[in-house]
Amino acid sequence: MNVKNSYTLADVALRAEVSEITVSRVLRNKASVADKTRERVLAVVRQMGYVPNRVAGTLASAGSNLIGVVLPSLSNIVFPDVLRGIHASLASSGYQPVIGVTDYDMNTEEELVASLLSWQPAAMIVSGLHHTDYTVAMLKRSGVRIAELMDIDSPPLDIAVGMSHRQAGYDTALHLHKRGYRRFGYVGHDRVRDERAARRYEGFREGLQAVGLSLVGETTLDGPSSTQAGRELLGQLLARHANLDVVVFSNDDMAVGGVFHCFAAGIRPREDLALFGFNGLDIGQALPQPLSTILSRRFLIGKTAAEMILQSPDYPGQPTICDTGYDIVEGETA
């Protein structure tokens, strides 16, 4: 059972027989404390199991060891991979990420950014390049480095690390056209909330147009992506357009559901119907026929963004874009 730490800075100071200011200086690793005093305070801290209140320390100090991180989701494995990359860079830096989740809602993002900025973080890491006007104004006024992740299709506020989703969609169309597919279908999720899915869809349509093709049919879910949704929507699409030879999905979650529909309906992936996803998730590669997809370099995106913040804490005067690229995974479903 977890027991809430009830000790305060004053309790540590009393037991160590020093002032609260001295304890604060020791915990913030300030040099103006004698070595013997520092050792005594740290010994008391260890004995008491005291955990410093970093938020209170931030509000009272000019600097902060916090980095605000705002992500759309942690239930989708995509963003835990990004977070692992951020943590890998920050692990030995002395900085700690404070995380908020928006559920792809820009108003929720606005509230989280306002809350995190009130703690005076050393930097902010957010997802995507599209935010409310107030969020943009707050980030610009903050005076800290801003890293926007996953997307490089629009000008960033400061640092952008990710890939061109529009180009990924375009390359998907060309790749599948070269494989001989001509009757294209599409299964997707809410493109209003998920801007990157919208950019991939637009690029995909542009790619088809470039080779003289268009979508035969499509079906889209109003809500977030899921494996179950992908299974159900593929069934609905094929009921209306039985002559499709390939279906592109908005992401691997949806595509894996499509594979399950094929298994249940006696449809052979690739032989009877080609299926193509996006993200390169482990679950897609663990299928009896590994999913054909595009691999986004999620860990690298998070790691690179944090590294760029640490390497250059001050804004250089112009935005920086880092293209981490992507890989087409041929798989066995297309």
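**Cores, salt bridges and surface of the predicted model**

Apart from neighbours within four places in sequence, A147 is in contact (heavy atoms within 4.5 Å) with M124, I125, V126, I159, A305 and I309. The structure is a predicted model, in which local features need pLDDT of at least 70 and side-chain atom pairs count only at pLDDT 80 or more, while totals for chains, interfaces and linings use all residues. Residues are numbered from 1 along each chain as its sequence is written, and side-chain values use heavy atoms, with hydrogens and water left out.

A147 is also one of the residues with the most contacts inside the largest nonpolar core, a set of 22 residues in which V69, I86, I125, L149, M150 and V161 are likewise listed. A nonpolar core is here a set of buried Ala, Val, Leu, Ile, Met, Phe, Trp, Tyr and Cys residues joined through side-chain atoms within 4.5 Å; buried denotes under 20% relative accessible area, exposed over 50%, and partly exposed the range in between (1.4 Å probe, protein chains only). At least two residues of this core are supplied by each of β1, α5, β3 (123-127), β4 (145-151), β5 (159-163) and α13 (298-311), where helices (H or I, at least four residues) and strands (E, at least two) are DSSP runs numbered from the N terminus. Helix α5 gives the most to this core, with six residues. A second, separate core comprises 19 residues, among them M163, Y181, V246 and V248.

Side chains of opposite charge can pair when their charged atoms come close. With a salt bridge defined as a side-chain nitrogen of Lys or Arg within 4 Å of a carboxyl oxygen of Asp or Glu, the count comes to 13 salt bridges. One of them joins the side chains of R84 and D81, at 3.5 Å from N to O; both residues lie in helix α5, three residues apart, or about one turn of the helix. R84 is partly exposed at 46% relative accessibility, whereas D81 is buried at 12% relative accessible area.

The side chains of D105 and R193 meet in a salt bridge of 3.8 Å, N to O, which connects the loop between β2 (96-101) and α6 (106-117), holding D105, to the loop between β6 (184-188) and α9 (195-210), holding R193, across 88 residues. D105 counts as partly exposed at 23% relative accessibility, as does R193 at 41%. R179 forms a salt bridge with E330, the closest N and O atoms being 2.9 Å apart; R179 is in the loop between α8 (165-178) and β6, and E330 in the segment after β12 (326-329), 151 residues apart. Both residues are partly exposed, R179 at 38% relative accessibility and E330 at 48% relative accessible area.

On the surface, L74, I99 and V101 form a nonpolar patch with about 220 Å² of accessible area together. Patches are made of residues with over 30% relative accessible area and no salt bridge, like charges being joined within 9 Å and nonpolar side chains (Val, Leu, Ile, Met, Phe, Trp, Tyr) within 5 Å; accessible areas come from the Shrake-Rupley method with a 1.4 Å probe, and for residues only the protein chains shown count as cover. L74 is found in the loop between β1 (66-71) and α5 (78-90), and is partly exposed at 39% relative accessible area.

The mean pLDDT (the predictor's confidence in each residue, from 0 to 100) of the protein chain is 90, and 93% of its residues reach 70 or more. Over residues 1-5 the pLDDT is below 50, and this stretch has three contacts in the model beyond near neighbours in sequence.
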